[in-house]
Amino acid sequence: MAHTKHTMSADVESRRRRSTESSEPLWDHDPKGRRCSSQCDRLCVAGAYLEIPDSPSPCTSQYFGHYTPKCLSAHRHSRCTDDVWQEASIRTTLRAENEVEAHKLANNYRFGFRKWKSHVTERPIEDRSDVVKELYSDLNYIKHHSGSLVTVGNVIYVLLFGWWISLFYFLVSLLMFCTIAGIPYGKLCLQLSGYFLWPFGKALQKSISLVKKCCVKFPHCEAIPEVDEIKESSEVKESTPLLRSAPAVTTEIPLTTPPPKQTRYWCRPSTYVWLVLGYPLLAVVHFLAIFLSWILVFTIPVSKMNVRTVSIILLMPPEEVIIRTVKKPQGCETRVLLCCYRAFNWYYYKFTVDGINVFAVNLLPLVIITLVIGYMDKDNYYVSSEVKFATAVSSIIPLSYYIGMGIASISAQSNFAVGAVVNATFGSITEMAFYITALLQGHRAGNKCYAEIVKSALTGTLLGCILFIPGICMIIGGCKHREQRFNSRSAGVSSALLFISIGGVFAPTLFSKAYGNFICEGCNNSPGNTTKPFLCNNCHYDLSENNRPLFLSHIEPLVYTISVLLPSAYLIGLIFTLKTHSHIYDIHISDAHCHVVSDHGAVVHWSRARALVVLILATVLMAACADLSTEHIKPIISNSSVSQYFIGVTVLAMVPELPEIVNGIQFALQNNISLSLEVGSCIAVQVCMLQIPLLILFNAFYDVGFVLIFSDLHLWASIFSVILVNYIFMDGKSDYFQGTALVVVYLILLALYFFAPAPLGC
C-alpha cells in the first residue's frame, strides 16, 4: 500500500510539472491509454477549467474559492477506489477578489443555483486592465495616443453628432454677438463650434492659474494647469527609503506675465445674458446628444464629452477656456478640462452603472413606457396591440437581468440555506409570471389557445436550453479555444435528471396515446371510391369530452403523482450533488492568504436589503408586463400567418432567457465551458421539475384548464433533443463542430414549428 501511495504521488507530481510546461490540458481522455475505466476518466476533467476574472492579475485579495475535483492518476496497475481518489485529488484554486466574490463563484458551481457572470462587488479601478480603465475615464487627461485620429468611429461621430452640434454653437454665437454684452461668450461659442465639429486631438484647458506644474521625474512632459490643482509638497519626505526611487516631485514655475485682474464672474452683465439666452439653448442641444449617444452605448465617450461641457465648461468665464491642439506627451498624463481621442469604443458593452450593465440600464425606461401605454390606453386609441405586445415582451429582458442580479447578490452575501431558498423562490419567477397570467387570460376568455401557447413556451424553453444555449456557447467558445473540456461527471448528473424530467413530463402524453380515443373530424370518402383512403381532418386524442372517465380515473391521478415525483427527484439531485457526492464539484471557501494582499475591502453593489427590494419590485413589474403581453397577444395569434407553435417556442420561450445566454457565452469565452453547459441544463431541469409541477398545483386550486398532455411535435422534439445532447456530452469534450450540430438541429426543429398548422383550439 505504501508503494502504491508513493507511486501515486510521483505520478501526480509528474502531471503537475507537465501541466506547467505544456499548453495542453491537464487531463487527456485517451481511450487507448491503460488507465482506469471511464467512470474515473470522467472525474478528471473539471480541474483544468476555472472561472478566470476579466483582467487576470497577480493575486489581489486574501480570499479564494477552492474547486477540487477528485481524480485518479493514470497508472497501469492502480484501481479506481474511493480511497485512491482521496489520495490522488488535486486542488484547483478559483481566484476571487474578496470573500463575497468567492461565495458567488462557489454558487456558480452548485447544482440548482443560478449561474451569474457579473461581479456583485465593486472592483478597484486601479486593478483593472487598461481597456477597462479607458471605459471609466472622465476624458480630462492628455494621454499617450498611438495611431491616427481619423477612424471610422470618429467619422461616424461627425455624421451623427458633430455637424449639428457645431451648427447650433455657430447660431448661438451669432445671437451672443447681437446682444453686444455677450460678445465674449459669442467668441467662445465660435471656438467651440469648430471644436465640436472635430474634437479629437484637441484639449480644453483653464488659463488663469498663476503657476505651471510639472513633474521633476519627467521634465519634458507637457504641463497644462487645471482647476483646483492638488496641493502637494515640493519636498521629498525624509522618511522615504534611500534605496527606493523618489516619487514624482511637483515644482511650481511662475508665469512670466501675470494675467490681468478680471471682474468677478457673477458681477458681469454678460453672465446673465449668457445664462438667459445662450446657455439654455445649448443645454438642450447637449442633453439631446447625451441621450442619443448613451442609448447607442458604444458612443458613450460622446455622452461624457457633452456632460463635462454642459456642467463645467459652459459655466466658466469665457476668457478662462482655451482650445489648443494636443502635443504628444513625453512622460506623464496631464489633467485638462476635456480631451477626447475616440468617439466610438466596442468595449462599452462591459460598461456598468452601480454594477448594472449599461444595456439593462437603457432598457429600464422601456418598462415604464410599457406600463404607461398598456394601462393608460386601454382601448388602443393611440398604440396598437402589436406594439404593446412587443414592448411588454422586450421589457422582460431587463427585468430578468435585475432578478438575476438580485438573486446573485443575496446568495453571495448569505449562507447556503438562504441562497438555496432565494434561488428556488425567484429563479423561475420570470417564466411563471407569464405562464400563470396566460392561463388566467385564456380562462377568462374561454380560449384553449392560451394553454397551447403555454405548452409551446415550455417546450421552447426546453429545446432552447438543451440545444441552443449549449450549441451557441460551444461555437463561440470553440472559435477562441480549439477544444474545450468539461466535467463530464457533473454533466452526467444533469443529463440523468433531464431524462427523468422528460420521461415524467411526457408520461401522461404517452399514456393518453396508449389508452385514449383517437378522434378525427370531417372524414369523407367519394362515392364509388375503393382504392383511395378516407380524407380526414383534425385528428387528435380527445380526453376531455369523448373519454372523460379515462381522464378523471387514470390521467389526472397520473399527473398529480408525477407532480410529486419530479420535485422529489430534484431534491434528491440537490442532496446527491451538494451533500453525499459533493466531490463531483467539491467547492471550498477558505481564507488562504496570498503574497500580495489588497488594501481594498469588499464593497457590494447591492446590499441584501436593497437586493430584496429590487427582487420584489422586479417581480411585481414582471407580473404586470406578463399580463400586458398575454392581454395583447390575441391579435398576434389570430391575425398572424405564422403558427402559434412558432411564436411560443421562440419569442415567449427565449426572450426571458437572454441574460442566461449572455452569461453562458461569457463563460465559454473564458474557457469555462462547464458552466456554460450547466446554464442550460439548470434551466431545463427547473422547467420540468419545478415550473410544471407548480403549474399543476396552481391548476388544482384554480382550474384554468391546464392539462399535461402535449402534442406529438412537442413530445418527439424534446425526446430527440435529450438523446442527442447526451450523446454529444459523453466524451467530456466540446468544439465548434459539436456546437454547430446542436444549433442546426435546433433550427430544424424551429422550421418544423414554423410550418406546423395551428394547434387545436386556436
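Student: How many helices and how many strands are in the protein chain?

Tutor: The protein chain contains 24 helices and 16 strands. Both are DSSP runs numbered from the N terminus (helices: H or I, at least four residues; strands: E, at least two). This is a predicted model, in which local features need pLDDT of at least 70, side-chain atom pairs count only at pLDDT 80 or more, and totals for chains, interfaces and linings use all residues. Residues are numbered from 1 along each chain as its sequence is written, and side-chain values use heavy atoms, with hydrogens and water left out.

Student: What share of the 762 residues counts as buried?

Tutor: In the protein chain, 49% of the 762 residues count as buried. Buried means under 20% relative accessible area, exposed means over 50%, and partly exposed lies in between (1.4 Å probe, protein chains only).

Student: Why is Leu-167 called partly exposed?

Tutor: Leu-167 has a relative accessible area of 41%, so it is partly exposed. Leu-167 is found in helix H6.

Student: What makes H9 a mostly covered helix?

Tutor: Of its 12 residues, 10 are buried. Among them are Ile-300, Pro-301, Val-302 and Met-305. The buried residues of H9 pack against helix H5 (130–135), H6, H7, helix H8 (269–295), strand E9 (338–339) and helix H10 (358–376).

Student: What span does H9 reach from its first C-alpha to its last?

Tutor: H9 (residues 300–311) reaches 16 Å, close to the 16 Å expected at 1.5 Å a residue. The expected span is 1.5 Å times one less than the number of residues in the helix.

Student: What makes Glu-101 and Lys-104 a salt bridge?

Tutor: The closest N and O atoms of Glu-101 and Lys-104 are 3.7 Å apart. A salt bridge requires a side-chain nitrogen of Lys or Arg within 4 Å of a carboxyl oxygen of Asp or Glu, so the pair qualifies. Both residues lie in helix H4 (residues 99–108), three residues apart, about one turn of the helix. An α-helix has 3.6 residues a turn, so residues three or four places apart point the same way. Glu-101 and Lys-104 are both buried. The structure holds nine salt bridges.

Student: Where in the chain do Lys-388 and Asp-377 lie?

Tutor: Lys-388 and Asp-377 meet in a salt bridge at 3.8 Å, N to O. The pair links distant parts of the chain, with Lys-388 in helix H11 (residues 385–412) and Asp-377 in the loop between H10 and H11, 11 residues apart. Lys-388 counts as buried because its relative accessibility is 2%. Asp-377, with a relative accessible area of 6%, is therefore buried.

Student: Is Glu-483 buried or partly exposed?

Tutor: Glu-483 has 36% relative accessibility and therefore counts as partly exposed. The side chain of Glu-483 meets that of Arg-485 in a salt bridge (3.6 Å, N to O). Arg-485 is buried because its relative accessible area is 5%.

Student: How many disulfides does the rule count?

Tutor: The count comes to zero disulfides. A disulfide is a pair of cysteine sulfur atoms within 2.5 Å. Cys-682 is in no disulfide, and the nearest cysteine sulfur, that of Cys-465, is 9.2 Å away. With a relative accessible area of 10%, Cys-682 is buried, whereas Cys-267 is exposed at 51%.

Student: Which value of phi does Val-297 have?

Tutor: Val-297 has a positive phi of about 65° although it is not a glycine. Val-297 lies in the loop between H8 and H9, and its 1% relative accessibility counts as buried.

Methods. Contact = heavy atoms within 4.5 Å.
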